[in-house]
Amino acid sequence: MRVLLYVQNLLGIGHIVRALRIAEAIVERGGTVDLVLGGAPVDGLDGNGMRITQLEPIKAGPGGFSDLVGADGRKVDAAFKARRRDSLLGLLEATRPDVVLIEAYPFGRRQMRFELTPLIARARALMPRPLIVSSIRDILQESRAPGRDAETLGVLRASFDHVIVHADPAIVRLEATFAPAAGFAGMTSYSGIVGPRRTTTPAPADRGSAHGVVVSVGGGAVGAGVMRAALQAKAATRLADRRWLAVTGPNMASAQAAEIEALARAVGADVARFVEDLPGRLASAELSVSQAGYNTVADTLAAGCRAVLVPFAADGETEQTRRAELLERMGLAVAVREADVSAERMALAIDRAMRLQPARASIDLNGAPRTAEILADLIARQCP
């Protein structure tokens, strides 16, 4: 099984984390993965058996996700796009994959059509032809543009062979955030949530030195306000005497990171830019305070940790809010609106969360190995 896996992150690193977990599962199954990354490079990224190609980076500019800029902050021009397209097509020709697995598109990343449309067209012209598969998370950003859903449906039917939804269908189904999902149900599989490979349960002797509260904000490009409010609330919570750890993330702006580090020291909390085993840290914690990104929520559920979720909701983003509300209804978290976050509200939310039962819901977190299994089955059906 040879897989070309395309990932374009524009702001955080969540898309990369999920893709790495899937790629590792494919490699463990005996496959090969060429992982193509189009966003800002991530320091210390471990290929762990896969080949990683970093395209010229594109990220979201000051104008948001539709404002594409390069690593130097300059707007992406036609020449830049042509270089990226040609690099991607060259990699396709060199690797001749069995599957081209495209993260998010066509449900998202429409701004990358300048290279994805040629990639798909070239892939469909190859002999033998690789499968074209879309890889999407549990909850989609809901479109506000008229006709956008119909356009997505048209691209799927014309160009894709399959859609893998990384969700537990017993919890949420695709049609909850993409109404036309019934129109391609026959080419859709649910993998379960792509959780961590393993959660390290600390030995009893180690639990006394563990952090009781872990505050994290993913990559850290957004979320400094959440971390600030949590640390300011520390003294007013029933967990004030526990050890706290604040993980700022590698992408937090330097000035914000310095502010958080100073605040953490002032309130007696530990602080780290990055931790290698966040699921393991959560497994030994009593409480997680975070945004409601896909991977952080998956890690929290895998750890069985109580949670306070402050979903990212700027610029009309709906995905994290829907996820946080869903988990709150299930009794697995306490949700705080981003617009309402403050030290006082955070302290109340933390104390409310501590009255919840630790998360032990039977949620399918086996999404990575199941994705590898789905791809192997699709290839076997195409080439019996």
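The model is predicted, so local features are reported at pLDDT of at least 70 and side-chain atom pairs at pLDDT 80 or more, whereas totals for chains, interfaces and linings use all residues. Residues are numbered from 1 along each chain as its sequence is written, and side-chain values use heavy atoms, with hydrogens and water left out. Helices (H or I, at least four residues) and strands (E, at least two) are DSSP runs numbered from the N terminus.

**Sheet and packed helices**
- Six strands form an open sheet in the order 12-11-10-13-14-15, with parallel pairing, where pairing requires that DSSP finds at least two bridges between two strands.
- The edges are strand 12 (270-272) and strand 15 (334-335), each of which pairs on one side only.
- Strand 11 (residues 244-247) pairs with strand 12 in the parallel sense over three bridges, and Leu245 stands opposite Asp270 in strand 12.
- Helix 6 (residues 224-233) packs on the sheet, touching strand 10 (213-216), strand 11 and strand 13 (287-290), and its direction makes about 165° with that of strand 11; angles run from 0 to 180 degrees between N-to-C directions, and axes are lines fitted to C-alpha atoms, for helices over the stretch in contact.
- Helix 9 also packs on the sheet, touching strand 10, strand 13 and strand 14 (306-309), with its direction at about 160° to that of strand 14.

**Helix 1 against helix 9**
- The axes of helix 1 (residues 14-28) and helix 9 (residues 294-303) come within 8 Å and cross at roughly 55°.
- Gly14, His15, Val17, Arg18 and Arg21 in helix 1 meet Tyr294, Asn295 and Asp299 in helix 9, contact meaning heavy atoms within 4.5 Å.

**Nonpolar cores**
- The largest nonpolar core has 43 residues, and those with the most contacts inside it are Ile102, Leu119, Leu174 and Phe184; such a core is a set of buried Ala, Val, Leu, Ile, Met, Phe, Trp, Tyr and Cys residues joined through side-chain atoms within 4.5 Å.
- A second, separate core of 39 residues includes Leu5, Ile22, Ile193 and Ala292.
- Leaving aside neighbours within four places in sequence, Leu174 is in contact with Ile136, Leu140, Val165, Ala181, Phe184 and Tyr190.

**Thr248**
- Thr248 is found in the loop between strand 11 and helix 7 (254-267).
- Thr248 counts as buried because its relative accessibility is 0%, where buried means under 20% relative accessible area, exposed over 50% and partly exposed in between (1.4 Å probe, protein chains only).
- Not counting residues up to four places away in sequence, Thr248 touches residues including Val217, Met227, Ile260 and Arg273.
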